[in-house]
Structure formats: C-alpha cells, structure tokens
Amino acid sequence: MKKIILLSLAITTSILLHAQNGVPITSVKVSGIPARDAKSDIWNNAQVSVIPVMPQNVTNPQLLKASVANVKVKSINDGNKIAFLIEWTDSTRDATVDVDKFSDQVALQLPLNPDTVPNFMMGQKKGRVHIIHWKAVWQDDIEKGFQDVKTAHPNYWADIYYFQEKNADGTTTAAKDATVDQFKSKEAKNYMAGAYAGNPMSIFDRKEPVEETLAEGYGTLTTQEKQDATAWGVWENNTWKVIIVRSLVSTDPLDAPLVKNTQICFAVWNGTFKNVGAKKHYSMWNDLIIAK
Amino acid sequence: MAQVKNWHLNREMKYPYADNRPKKQIAYIFDTNKCIACQTCTVACKTTWTSGKGQEYMFWNNVETKPYGSYPTQWDVNLLKQLDGQEWDKTTGTYKGKTIFEAAEKGENVKGWHPTDRDYAYPNLGEDECSGNVNKGAFFSGIHDVWMFYLARICNHCTYPGCVAACPRKAIYKRPEDGIVLIDESRCRGYKECVKACPYKKTFFNEVTRISEKCIGCYPLIEKGEQPRCVQTCIGKIRMQGFLSKPEEARADNPIDQIVHIKKVALPLYPQYGTEPNVYYIPPVHVPKEFLHQLFGPGVDKAIETYKNIKNDKDLLGAFLLFGNTPKITHSYKTDGEFTMGFDEKGEVTTKVPLTEPVFVRPFKNETTGANHHNIP
C-alpha cells in the first residue's frame with residue numbers, strides 16, 4: 001500500500017514538474033530570418049516542439065469543447081530577431097468579418113519578468129505578460145485589401161454616406177462601391193466611432209497582421225503603444241502556418257525580455273467554432289531556450 | 001454571481017455584479033395604443049447615429065408589427081423557446097421561471113441567441129400583417145376578429161443589462177449619473193458576446209470598425225435636459241422619457257413614477273428575461289391577453305383596466321398629456337384645474353397642456369362676409 005502511495009506521489013510530482021516546464025522550445029541560431037516564408041529550408045534547422053492546447057475552462061465565457069489538440073512550434077533567431085513558426089490543423093480557413101463569423105487566430109505570450117513567471121492565463125496583477133497576436137482577418141486586410149462590408153455581402157446597398165469624400169478627379173464613387181480609403185477625413189471618423197476613438201480594432205490600413213499587447217489578468221488586454229512585431233500566415237492542406245517575429249533585444253520596456261531563457265505560452269482560436277476572446281485554446285508555460 | 005433584487009420579478013435573482021443602481025435611471029414610456037409605425041423615430045435615430053459605414057443594417061430604434069414582425073428575425077421567439085416555463089405567481093406577481101442569467105449554460109454568464117447576417121436582412125418582416133386571415137364578408141362590429149399592433153423598440157438601458165453581464169472586458173458600463181448603458185468604443189474588441197447576450201438584440205456589431213455599438217440614449221441631449229431624438233420626433237406623441245425612481249422612492253409628482261410605479265399602467269417588455277428593462281409600455285387594449293401576458297407579465301389586465309378608465313383619473317391623465325408636448329425632460333408635474341404643467345429639474349415650466357381640448361364651433365355662415373363655410377369633399 002505504502003509503495004502504491006509513493007509511486008502515485010512520484011507520478012503526480014513528475015506530471016506537475018512536467019506541466020510547469022511544459023515542452024521545451026529551443027530557438028536555434030541561424031543567419032537570416034524568412035519572416036514571410038514558412039516553407040524556407042531555414043526552418044529545417046529548428047526542432048519541432050508539439051505543445052498541447054486545451055479549451056479555456058477557467059473563466060467565463062468558456063470554451064467547452066476543443067477543436068485544436070496542439071500547436072507545433074519551431075523557433076529560430078539571428079541574434080537580432082527571433083521568429084516562431086506556429087503550425088496547427090484547421091480544416092477551414094476563417095477570415096470573414098460578419099455579425100456571426102469569427103476569425104482564426106493565434107497568439108504567443110511571454111512574461112515581462114522571466115524570474116517570477118505569472119499565471120499562464122494572461123498573467124496577473126504585478127505579473128504582466130507580453131502577448132503577440134495574429135489574426136487571419138488582418139492577414140486578408142493586407143493581402144486582399146480591407147475586408148469591407150461588401151466583401152462579406154457583395155450585393156449590399158447604400159444610398160449615400162454624407163461624409164464620403166470626392167475622388168481626386170472630382171468624381172464621386174457610388175456609396176455602395178466606396179471603400180474605407182475614401183473615409184479618412186476627420187468628419188468621416190465622426191460616423192465611425194471606433195476609428196474616432198482610436199480603437200486598435202478599427203485600423204483601416206494595417207501594415208502587419210499582428211498586434212502587440214500587454215495583459216495582467218483576464219479582460220486587461222491592452223494594445224502596446226509601440227508596435228514592432230511582424231507576422232505572416234499561410235493556410236494550406238488544412239493547416240495554418242503562422243510566423244511571428246519580434247526583436248530579440250528590444251528597447252521597448254513593455255516588451256518581454258529575451259536576453260536569457262524564459263517561458264512561453266500559446267493560444268489558438270478556431271473561427272468555425274465561434275472561438276473568440278476568452279473562448280480559446282491555451283497552453284501552459286513552456287521553457288524557451290534561446291541559443292546564441 | 002451576486003444576488004440582486006429585481007422588482008419586475010418581485011424576487012431576488014442571480015447577476016454577475018452586485019446591485020449598484022445609478023443615481024438616476026433613464027426610463028421611457030411608450031404607448032403602443034397610439035403608435036402608427038410611421039417610423040419617424042427610426043429615421044430620426046438612423047440619420048442621427050447610424051448613417052456611417054458598417055452601420056447600414058443597424059436600427060438602434062425600430063418599430064415592428066406584432067405578432068409576426070421582428071428585427072432581427074424572431075429575436076424574441078428564439079430566446080423565449082430556450083427559457084423553460086416562464087410561469088408567474090399571479091397572486092403575488094412573482095416570477096417562478098428562470099431569467100437569462102439563471103438559465104445560462106455552463107461556461108456562460110448569460111443565456112443568449114446569436115443572430116446571423118440573414119436575421120438582420122428583413123427589418124420590416126411581418127410589417128402590417130395581422131394575426132390571421134380576415135374572413136370573406138367580415139365586417140367591423142366593435143371588436144376586430146384579427147389583431148396586430150406596433151411595438152417600438154430601443155435599448156432598454158436595463159438595470160441588470162445582459163450585455164454588461166456578458167462582456168469579458170468590462171467594456172460596457174452603466175453610467176452612474178443617469179443609468180444609460182454605453183459601450184466604451186475605445187475598449188471594445190469586438191468579441192460580440194454582447195450581441196449574443198442582449199435579449200432585446202440592441203447591441204450591434206459594426207463590420208467596418210469591427211467593434212460593437214448600441215443606442216446611446218442620445219446622452220448629449222439628456223445632458224442638456226432634453227429628451228432623446230426618437231422621443232422628440234414622435235409625431236404620434238406616444239413617447240415620454242424621464243427618470244424612474246426606485247420603487248420605494250416613487251414620487252407622485254414624477255410623471256414616469258406616476259404611470260409606472262403608482263398607477264402601474266406601463267409595463268416592462270419581457271420582464272422574465274430578468275434584466276429589469278427601463279422602457280415601459282402601455283399594453284395594446286385590443287390584443288388577446290395570453291399574448292400580452294407573455295410580453296408584459298402579469299400586470300397586463302390591471303394596466304389595461306386603469307388605462308381605459310384614464311378620463312376619470314386626473315393625475316394619470318395629466319401625466320399622459322405631457323407626452324410629446326415638450327422637448328425638455330419633465331422631472332415633475334402638477335395637474336391643476338383644467339391644465340397639467342410639466343417642470344424641469346429647476347422647477348421651471350416646460351409645458352402647459354389643457355386636460356380637455358377646447359372646442360370651437362364655427363358657424364356655417366360668416367355673417368360679416370356672407371360666405372358659407374363648409375367642408376370641401
């Protein structure tokens with residue numbers, strides 16, 4: 001009996017330790033980072049770490065059923081930038097903006113203080129985390145042009161927008177064909193409250209499909225003032241491959257330091273299953289070993 | 001979950017946040033018996049607030065024809081059929097069923113229904129359709145065989161809003177100064193939890209700004225002491241906006257309190273949802289009671305009885321005659337002799353309305369000019 005208890009304790013301890021360190025990811029040193037090329041041979045230098053993800057079941061609203069089991073992560077660095085190639089199986093490419101549609105997304109999370117790693121679920125008070133978040137819809141905004149009402153509803157109609165600007169040649173585009181590029185005046189913003197308020201969701205000319213944020217617990221996600229991460233995703237063969245790149249040594253005090261080994265988490269959203277916000281798949285902390 | 005008191009249900013209920021009623025609570029009274037669905041309110045709201053890009057489909061104010069009208073499609077039926085029971089103890093006026101907060105599924109704060117784009121595609125669905133076919137040869141003999149009525153709808157600026165309960169970012173808040181419920185447009189990240197959670201479907205996702213928007217109670221007007229656009233422009237004078245006191249603090253000289261708390265002639269829409277909505281409706285007098293009980297709760301019969309007897313109740317009549325007669329918010333009123341007078345917060349007169357319209361009889365023949373006055377067909 002005593003042996004069984006000891007054995008159970010040993011197994012439990014081993015699981016706990018394993019959970020704390022997760023699956024280690026080693027960022028190998030390479031020369032040159034293929035920031036938008038997931039098929040580059042350079043990625044073959046890195047080993048794949050398979051990180052299990054679970055449906056978020058800690059705080060409401062929860063994700064009750066998982067549709068993604070794991071993310072496969074590779075990391076490389078060139079001494080200046082660090083890149084992560086995150087890959088997961090998703091049989092549908094979701095990037096439509098609509099009242100009941102949701103985008104595929106992925107995010108990685110790093111602690112601002114690697115010595116006292118905070119709660120894996122978006123950190124905690126006095127335990128901030130740096131989150132870099134990619135969305136498929138932002139990728140389409142850049143690749144295909146801003147995903148407007150007309151993208152989801154090609155036959156939509158609008159009679160007039162009072163604040164629509166004239167084209168450079170003095171002509172006016174029909175309201176139904178007007179794009180957000182023609183709505184850049186200060187007055188037009190009065191009619192688009194999100195843009196007027198400077199909401200980071202209401203950016204019409206996004207340069208990168210990624211956002212850098214800070215968090216210190218649930219519901220605290222805050223966009224960083226300085227945005228310098230880049231990302232690029234490609235979906236083929238029922239798989240998303242997303243590359244996220246950031247500086248290895250950042251001058252931004254709100255970026256998580258990567259001067260030494262640290263911890264890293266991942267989150268994945270599957271748009272088909274209405275994953276959004278807290279309804280996501282998460283991983284625990286994993287060791288991030290940065291080879292220099 | 002906290003326990004809060006919901007006076008519409010005459011009981012306590014579960015809500016994610018503790019009771020924290022605002023200093024003043026914006027409230028509206030809509031008289032369904034007077035609405036002709038001219039949609040002037042809808043257009044006033046649309047041109048004022050939702051003519052922007054991404055707002056094409058939005059109607060913060062809409063008027064739908066009951067029983068079949070609904071925008072978004074079957075917004076009420078889709079949720080009602082998910083709430084089992086909805087029984088009331090009619091003697092005590094206590095709700096025995098579950099609210100949207102109590103019926104929430106595991107992992108959710110609110111029981112909701114998420115509309116699709118198609119559900120927003122038919123804002124005039126069922127317009128002017130009555131409850132059944134009119135039989136050949138039917139004629140009006142005092143009571144119609146079939147019925148319909150117009151239900152004007154805006155955000156209810158609920159005391160316990162479903163949208164506030166559902167937002168994981170706390171981006172929606174209820175203003176302490178007037179109880180208006182607002183979405184912080186700089187904080188919202190477009191998760192659409194509020195779109196699913198609002199039982200009245202009065203939060204909307206903007207596809208261009210990619211965040212949610214809702215009726216703002218025309219707060220810039222409220223702050224100036226004026227009633228919202230939809231109220232001011234109502235040509236049928238079916239609407240009044242003011243502030244509703246807590247039930248135990250009801251003032252007889254506050255027209256909203258007089259109608260809602262004291263005479264109980266205006267009732268909340270779907271009180272069983274549990275959000276304690278603050279738009280109060282005078283139920284239509286000609287509609288089957290079973291339908292009205294589901295819409296407005298157990299107070300319907302008494303409300304209609306009181307409403308029909310309004311000519312004998314000068315206090316109530318005086319409150320009703322303030323509707324549509326001033327752009328200002330009436331904080332108190334006095335029915336004196338043949339007039340009812342409304343006053344603003346400082347006690348200054350906002351309107352003076354006769355209880356009985358004076359009648360002038362014009363003689364058929366004008367003796368001065370010799371002209372005959374008659375109606376021209």
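Two strands count as paired if DSSP finds at least two bridges between them. In this predicted model, strand E16 (residues 339-343) of chain B meets that criterion with E17(B): 5 bridges join them, and the two strands run antiparallel. Within this pair, Phe339(B) stands opposite Pro354(B) in E17(B).

The pair belongs to an open sheet of 3 strands in chain B. The strand order is E15-E16-E17, and the pairing is antiparallel. Strand E15 (332-336) and strand E17 (349-354) of chain B form the edges, each pairing on one side only. From one strand to the next, the twist averages 15 degrees.

Chain B as a whole holds 10 helices and 17 strands. Its radius of gyration is 22 Å, close to the 21 Å that the globule rule gives for 377 residues, so chain B is as compact as a globular protein of that length. The C-alpha trace of chain B spans about 80 × 55 × 50 Å along its principal axes. Buried residues make up 49% of the 377 residues of chain B. Contacts in chain B were also sorted by sequence separation. Among those between residues at least 6 apart in sequence, 60% join residues at least 24 apart.

Chain B also contains a cis peptide bond. This bond joins Tyr71(B) and Pro72(B), with omega about -5 degrees. Pro72(B) sits in the loop between strand E4 (62-66) and helix H2 (75-80) of chain B.

Chain B and chain A touch each other. In this interface, 34 residues of chain B are in contact with 33 residues of chain A. On the chain B side, the residues touching chain A comprise 9 nonpolar, 11 polar and 14 charged.

Chain A is assigned two domains. Domain 1 covers 23-146 + 209-290, and domain 2 covers 148-204. The C-alpha centres of domain 1 and domain 2 of chain A lie 31 Å apart. Contact between them involves 6 residues of domain 1 of chain A and 6 residues of domain 2 of chain A. The domain 1 side of this contact divides into 2 nonpolar, 2 polar and 2 charged residues.

Strand E12 (residues 262-269) of chain A was examined for burial. A residue is buried if 20 or more other C-beta atoms lie within 10 Å of its own. By this criterion 8 of the 8 residues of E12(A) are buried, so the strand is largely enclosed by the rest of the structure. Thr262(A), Ile264(A), Phe266(A) and Val268(A) point one way from E12(A). Gln263(A), Cys265(A), Ala267(A) and Trp269(A) point the other way. Residues in both sets are buried.

E12(A) has several pairing partners. Strand E6 (residues 105-111) of chain A pairs with E12(A) in the antiparallel sense over 5 bridges. Here Val106(A) stands opposite Val268(A) in E12(A). Strand E14 (residues 286-290) of chain A also pairs with E12(A) in the antiparallel sense, over 3 bridges. In this pairing, Gln263(A) stands opposite Asp287(A) in E14(A). Strand E13 (residues 281-282) of chain A pairs with E12(A) over 2 bridges, again in the antiparallel sense. Ala267(A) stands opposite Tyr282(A) in E13(A).

Backbone geometry in the loops of chain A was considered next. The peptide bond from Asn60(A) to Pro61(A) is cis, with omega near -5 degrees. Pro61(A) lies in the loop between strand E3 (54-55) and strand E4 (70-77) of chain A.

Positive phi values were found at non-glycine residues. Lys126(A) is not a glycine, yet has a positive phi of about 65 degrees. This residue falls in the loop between E6 and strand E7 (129-135) of chain A. Asn238(A), another residue other than glycine, has a positive phi near 60 degrees. Asn238(A) is located in the loop between strand E10 (230-236) and strand E11 (239-247) of chain A. With 10 other C-beta atoms within 10 Å, Asn238(A) is exposed.

Technical notes:
Residues are numbered from 1 along each chain as its sequence is written. Chains are lettered from A and ligands numbered from 1 in the order in which they are written. This is a predicted model: local features need pLDDT of at least 70, side-chain atom pairs count only at pLDDT 80 or more; totals for chains, interfaces and linings use all residues. A residue is buried if 20 or more other C-beta atoms lie within 10 Å of its own, exposed if 12 or fewer, and partly exposed in between; C-beta atoms are placed from the backbone. Helices (H or I, at least four residues) and strands (E, at least two) are DSSP runs, numbered from the N terminus. Two residues are in contact if their C-beta atoms, placed from the backbone, lie within 7 Å. Ala, Val, Leu, Ile, Met, Phe, Trp, Tyr, Cys and Pro count as nonpolar, Asp, Glu, Lys and Arg as charged, and the others, Gly among them, as polar. Domain bounds come from an automatic or database domain assignment. Axes are lines fitted to C-alpha atoms, for helices over the stretch in contact, and angles run from 0 to 180 degrees between N-to-C directions. The radius of gyration is taken over C-alpha atoms; the globule rule is 2.2 Å times the number of residues to the power 0.38.
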